[in-house]
Amino acid sequence: MAGIYIHIPFCKQACSYCDFHFSTNQKLRKPVIDALCLEIEMRQSEICEPPSTLYFGGGSPSILDSQQLNQIFRSLSNAFDLSELKEVTLESNPDDHSDEKLALWKSLGINRLSIGIQSFIDRDLKLMNRAHNAQDAQLCVQKARDAGFEKVTLDLIYGIPNQTSVEWRSNIQRAIDLNPQHISAYCLTVEEKTALHHQLVKGEISEKDDEIIEQEYLTLHHMLSKAGYEHYEISNFGKPAHLASHNANYWKGLAYIGFGPSAHSFDGAQKRSWNISNNAQYIKAVNSGGQFLDEETLSAEDRSNEQIMTGLRRSKGFDLEQLPKEHALWVQQNINKLDDQLKACIWQNERHVGIHPENWLLADAVIREIMIDS
Ligand code: SF4
């Protein structure tokens, strides 16, 4: 078993770009945690081997108080053998880095913080309606280190409206100066039904052009590579020996189990499932012994396509020999038919096929052409 994922669907306030499953109404926090612990108990037989990673995501797991986090850890250790856990990550927001919370996380065995900094500029943070300010962003890493956290990963966002290229470079440099072992950077996308989309429709902001986004991505790639970070996945950069294990296991197609509303699970072979993305319905279904998840069985084509999709976003690419023979042949034919522009984006050796990191923004177009029909 690769890993356990815990989804905490609560946040202090709604970031303007976010379309994850979360609620800012804290009334259901206790019943959701109770149901999540019951789900852990009910599904304990699904894990046969000790997990190697544990990941608290959301939402904002750093919002939880001591009682709630202790309750979840008690349920996990009653249900599973946690003795082989190597990486225990908690997503934290800079404004939650109080001395008390940091000490609590450390005492529970959390050994890696994924900090949602996003930008060091107050104007950007205000635009995105983040709960923290530039000062929190600047101080949170040192606070984490003072509390004994050696492994820290920072999240940044590029493509932010009104942010200049000089400001983007300065954001990257400030992240480098904080010397985290790992950095993730995502492009701001405007999803429907978000506050950002509303602002866009009203003409209050405008999206950045694709050429500017590409420039920002290339600046990120070059600056972080020069600073010693390996660009090992489209959105992820790590110092040697500090690549993220939990997410890497997803990309390798290993088994994982997810608890909490909207959490996904995969048996490492064919079965994928996802929990209800509604807090009240999740509580009701778990407590009444009802259906709280949907599942699907992946076909051989689906599995091959997943390997292609995740592989083409990673520096290692995908392994043709791990695909069924007829799929490998099909994929090779598709590669041979690529037009010159897309062909120039990829590399291929005896077994592996990948995309050069500088071309990863074209990954979707390459994947569409290479994937096999299912
Ligand atoms: S803190 Fe994270 S999950 Fe919560 S609203 Fe902001 S981006 Fe979304």
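Which residues in H6 meet which residues in H8? Before you click, two ground rules. This is a predicted model, where local features need pLDDT of at least 70 and side-chain atom pairs count only at pLDDT 80 or more, while totals for chains, interfaces and linings use all residues. Residues are numbered from 1 along each chain as its sequence is written.

**Stop 1: H6 and H8**

Select residues 165–177 for helix H6 and residues 210–226 for helix H8. Helices here are DSSP runs (H or I, at least four residues) and strands are DSSP runs too (E, at least two), numbered from the N terminus. On the H6 side, show Ser165, Trp168, Arg169, Ile172 and Ile176; they meet Gln215, Glu216, Thr219, Leu220, Met223 and Leu224 in H8. Two residues are in contact if their C-beta atoms, placed from the backbone, lie within 7 Å. By class, this contact has 6 nonpolar, 3 polar and 2 charged residues. Ala, Val, Leu, Ile, Met, Phe, Trp, Tyr, Cys and Pro count as nonpolar, Asp, Glu, Lys and Arg as charged, and the others, Gly among them, as polar.

Now look along the helices. The axes of H6 and H8 come within 10 Å and cross at roughly 30°, and that makes H6 roughly parallel to H8. Axes are lines fitted to C-alpha atoms, for helices over the stretch in contact, and angles run from 0 to 180 degrees between N-to-C directions. Angles under 35 degrees count as roughly parallel, over 145 as roughly antiparallel, 65 to 115 as roughly perpendicular and the rest as oblique.

**Stop 2: H1 and its partners**

Next, select H1, residues 29–42, together with H10, residues 279–287. Their axes are 9 Å apart and the packing angle is about 45°, so H1 and H10 are oblique to each other. Color Pro31, Val32, Ala35, Leu38 and Glu39 in H1, then find Asn279, Tyr282, Ile283, Val286 and Asn287 across from them in H10. That contact has 7 nonpolar, 2 polar and 1 charged residues.

From H1, the contact takes in Ile33, Leu36, Cys37, Ile40 and Glu41, and from H2 it takes in Gln68, Gln71, Ile72, Ser75, Leu76 and Ala79.

**Stop 3: a cis peptide and the ligand**

Where is glycine 59? Look in the loop between strand E2 (53–58) and H2. The peptide bond from glycine 58 to glycine 59 is cis, with omega near 25°. Most peptide bonds are trans.

Then show the ligand. Around it you'll find Cys11, Ala14, Cys15, Cys18, Phe20, Phe22, Gly58, Gly59, Ser60 and Asn93; a residue counts as near a molecule if its C-beta atom, placed from the backbone, lies within 6 Å of it. This shell has 6 nonpolar, 4 polar and no charged residues.

**Stop 4**

Zoom to asparagine 129, in the loop between helix H4 (122–127) and helix H5 (134–146). Phi of asparagine 129 is near 55°, a positive value in a residue other than glycine.

**Stop 5: the sheet**

Finish with an open sheet of 3 strands in the order E13-E15-E14, with antiparallel pairing. Strands pair if DSSP finds at least two bridges between them. E14 and E15 (residues 352–355) have 3 bridges, and isoleucine 346 has isoleucine 355 in E15 as its bridge partner.
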